[in-house]
Amino acid sequence: MEPLDSPHETRLRQALDPTPDAVERVVHRALASPRPAPALRLLPAASLIAVLLVAAVLLLRPLTPRRAVASIETVGEVLLVRPQNGPVSIVNPGREPGSPSGTLIVVYGGGQ
Amino acid sequence: MELETTVRELTPQLLRYALGRTGDPALAEEVAQDALAALVQRWRRYGPPECPAAFVFAVARRRAFRLTFKRRLLFPLHLLLDGESPLPNPEERAVARTDLGRTLAALRRLSGQDREALLLVGVGELGPAEGARVLGISVSALKMRVHRARQRLLKILEERDGTAGLASRDEAAPSSRSHA
């Protein structure tokens, strides 16, 4: 490599040389640059992590078992629906040719 | 090694490099200041880096790239919003006629890689090992780029001036280098 002090190199540096004022200005500002508060510096990353955590919790949490509101039981061809509150329903697919809906629903009160 | 001494030593080199890189004294100051501020913060928090010069030039290089890219990107918007003419204004024309303007114009004619290598080693006065480290290339590759850039720059300046090159212009205009 050519020596760094070749005439054209020196000329190049002279042409680009900063003024003493500019040097002083830059030095002063660089040394006076405030230290960023760690809390503020980490704010974007912390926000992102919080959002991801919330999303993960919402998406991945196990579904809580729901309280049963009725039990359904089949006895032969008859379906018994026992709600916690309200009357018990008995559903029986009718086989009689005369039955219009093909289903017989018997409801009796008490819920028991 | 003391922080303030290091900053003071690196500042002129960094300003020269940044001016050659951006072509704009105000932008060069911003680049140098950002790079040095990064060094100051790094130093205060974790102690001095292994090579402060390489550290600060690597930051300046990235910062200069971002700022010049941003300026080019926003240039059409400035034209529209501020109604500025794309032609150089009288001040810019005056600067272009100075030694600095001619030097910057000559530098712009180099390829990006060669210009970067020349600015780091020839203008920023980084050693070959530090320059290679900043550019992420081998020392021999850096030397090759610098050599090529010097040859090309000399040729450009000879063509432009019709003289024997920059060396002969030293005598003609020794004090025309103020830009800030």
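Two strands count as paired here if DSSP finds at least two bridges between them, and strands themselves are DSSP runs of E with at least two residues, as helices are runs of H or I with at least four, both numbered from the N terminus. I keep in mind that this is a predicted model, in which local features need pLDDT of at least 70 and side-chain atom pairs count only at pLDDT 80 or more, while totals for chains, interfaces and linings use all residues. Residues are numbered from 1 along each chain as its sequence is written, and chains are lettered from A and ligands numbered from 1 in the order in which they are written.

**Entry 1, strands of chain A**

I looked up the strand pairs and found that E2(A) and strand E3 (residues 88–93) of chain A pair in the antiparallel sense over three bridges, with Leu79(A) opposite Val91(A) in E3(A). Four residues lie between E2(A) and E3(A) in their hairpin, and Gly86(A) in the turn has a positive phi of about 110 degrees.

On E1(A) (residues 70–75) and E2(A) (residues 78–83), I noted antiparallel pairing over six bridges, and I placed Glu73(A) opposite Leu80(A) in E2(A). This hairpin has two residues between the strands, and Gly76(A) takes a positive phi near 65 degrees.

I then checked burial, calling a residue buried if 20 or more other C-beta atoms, placed from the backbone, lie within 10 Å of its own, exposed if 12 or fewer do, and partly exposed in between.

I listed four helices and four strands in chain A, in the order α-α-α-α-β-β-β-β from the N terminus on. Of its 112 residues, 11% count as buried. Contacts here require C-beta atoms, placed from the backbone, within 7 Å, and among the contacts in chain A with a separation of 6 or more, 9% join residues 24 or more positions apart.

I found 37 residues of chain B in contact with 26 residues of chain A. The largest share of the side of chain B that touches chain A, nine residues, comes from H1(B). I sorted that side into 17 nonpolar, nine polar and eleven charged residues, where Ala, Val, Leu, Ile, Met, Phe, Trp, Tyr, Cys and Pro count as nonpolar, Asp, Glu, Lys and Arg as charged, and the others, Gly among them, as polar.

I also followed one helix pair, H2(A) (residues 20–31) and H2(B) (residues 25–46), which pack at an angle of about 35 degrees with their axes 8 Å apart; the axes are lines fitted to C-alpha atoms over the stretch in contact, and angles run from 0 to 180 degrees between N-to-C directions. Among the residues that meet are Ala22(A) and Val26(A) in H2(A), and Ala32(B) and Leu36(B) in H2(B). The residues of this contact divide into eight nonpolar, one polar and three charged.

I took a nonpolar core as a set of buried Ala, Val, Leu, Ile, Met, Phe, Trp, Tyr and Cys residues joined through C-beta atoms within 7 Å. The largest has 51 residues, and those with the most contacts inside it include Ala32(B), Leu36(B) and Val56(B). H2(B) gives the largest share of this core, nine residues. Not counting residues up to four places away in sequence, Val56(B) touches Leu10(B), Leu14(B), Ala35(B), Leu36(B) and Leu39(B).

Last, I asked why Arg152(B) counts as partly exposed. Arg152(B) does so because 17 C-beta neighbours lie inside 10 Å.

Technical notes:
Two residues are in contact if their C-beta atoms, placed from the backbone, lie within 7 Å.
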